[in-house]
Amino acid sequence: MEFLTRNQKALFANPPALLTTEVTPEVGLTSKYGGGFISAKGKHVVVIGGGDTGTDCIGTSLRHGCKSLINFELFPAPPDEQDKRGEASGNPWPLWPRIMRVDYGHEEASHRFGADPRTYSVLSKEFVSDGAGRVRAVKTVQVEVGPDGRFAEVEGSEREHPADLVILAMGFRHPEQEIVRALRLETDQRSNAKASTSDYKTSAPGACSAGSCRLTL
């Protein structure tokens, strides 16, 4: 999230500079934003994790001009179609289908590099240093889901992937708190706004909450 947050703040800081100047930590991003800018330009990028955040990290890295891009997913690849009988997957219709989806980042990466960047059933084992305090590679291993539902490493499947920038796109924490605090909304332990699924009303009169910032009651 830090990668995306800094990128978005940089865009909001001084948009005209981004049209005429190469984006760097030193140039064009100081009018309203004093934080460091994390650039993927010319770098081997590894994105660990999926979902909307993973897609945004992929798309942002492409726009920066990354040299290469790969996305690790721990779980197996989902099926192309939903099991309408529900006999095997535990995801029968009319539940929300857990199927293979192609989002904008995946499509753009395929156009740029010739293949979908996602690699499934991959466990990241180690970040390899270049000896100067920077990452140069990620060591991984393939995993399988056993009968007990636990992941087991596949012997002989270890690999080392070049990496100048590793982005952790996992573990959604909570919505940004500015509005939550301003409205004095009642929240749960994860700082999500409490709201009912029937009317989406929060503890503040006239304020409703939905999507990822709502706790289901």
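Below, we ask what lies behind some of the words used for this structure.

Colleague: Before the labels, what kind of model is this, and what is its secondary structure?
Modeller: This is a predicted model. Its chain comes to 5 helices and 10 strands. Buried residues make up 31% of the 217 residues.

Colleague: Why is Cys57 called buried?
Modeller: Cys57 has a relative accessibility of 0%. Buried means under 20%, so Cys57 counts as buried.

Colleague: And what makes Cys208 exposed?
Modeller: The relative accessibility of Cys208 is 56%. The word exposed needs a value over 50%, so Cys208 counts as exposed.

Colleague: How many disulfides does the model have?
Modeller: The count comes to 0. A pair of cysteine sulfur atoms would have to lie within 2.5 Å to be listed as a disulfide.

Colleague: Which residues have the most contacts inside the largest nonpolar core?
Modeller: They are Phe3, Val45, Val47, Cys57, Leu69 and Ile167, in a core of 14 residues. The elements giving two or more residues to this core are α1 (2-13), β1 (44-48), α3 (51-64) and β8 (165-168). Of these, α3 gives the most, with 3 residues.

Colleague: What makes such a group a core?
Modeller: The members must be buried residues of nonpolar kinds, joined through side-chain atoms within 4.5 Å. In soluble globular proteins, nonpolar side chains tend to be buried together.

Colleague: What does Val47 touch?
Modeller: Leaving out residues up to four places away in sequence, Val47 touches Gly54, Cys57, Ile58, Leu69, Ile70, Asn71, Phe72, Ile167 and Ala169. There is also a second, separate core of 7 residues, which includes Ile48, Phe72, Val122 and Val138.

Colleague: How do you know that the span of α3 is close to what is expected?
Modeller: α3 has 14 residues and reaches 20 Å from its first C-alpha to its last. At 1.5 Å a residue, 20 Å is also the expected value. The buried residues of α3 include Gly54, Cys57, Ile58 and Leu62. After α3 comes Gly65, with a positive phi near 95 degrees.

Colleague: Why are β4 and β5 called a pair?
Modeller: Two strands pair if there are at least two bridges between them. β4 (residues 122-129) and β5 (residues 135-145) are joined by 7 bridges, so they qualify, and they run antiparallel.

Colleague: Which other strands pair with β5, and over how many bridges?
Modeller: β7 (residues 159-162) pairs with β5 in the antiparallel sense over 4 bridges, and Val138 has His161 in β7 as its bridge partner. β6 (residues 151-153) is antiparallel to β5 too, over 3 bridges. Here Val145 stands opposite Phe151.

Colleague: Is Ser121 buried or exposed?
Modeller: Ser121 has a relative accessible area of 14%. That value is under the 20% cut-off, so Ser121 is buried. Ser121 lies in the loop between β3 (118-119) and β4, and has a positive phi near 60 degrees although it is a residue other than glycine.

Colleague: Last one: why is Tyr200 called partly exposed?
Modeller: The relative accessible area of Tyr200 is 34%. Buried stops under 20% and exposed starts over 50%, so Tyr200 is partly exposed, in between. Tyr200 sits in the loop between β9 (193-195) and β10 (214-216).

Terms used: Residues numbered from 1 in each chain as written. Predicted model: local features only at pLDDT ≥ 70, side-chain atom pairs only at ≥ 80, totals over all residues. Heavy atoms only, no water. Buried < 20%, exposed > 50% of the residue type's maximum accessible area, 1.4 Å probe, protein only. Contact = heavy atoms within 4.5 Å. Expected span 1.5 Å × (residues − 1).
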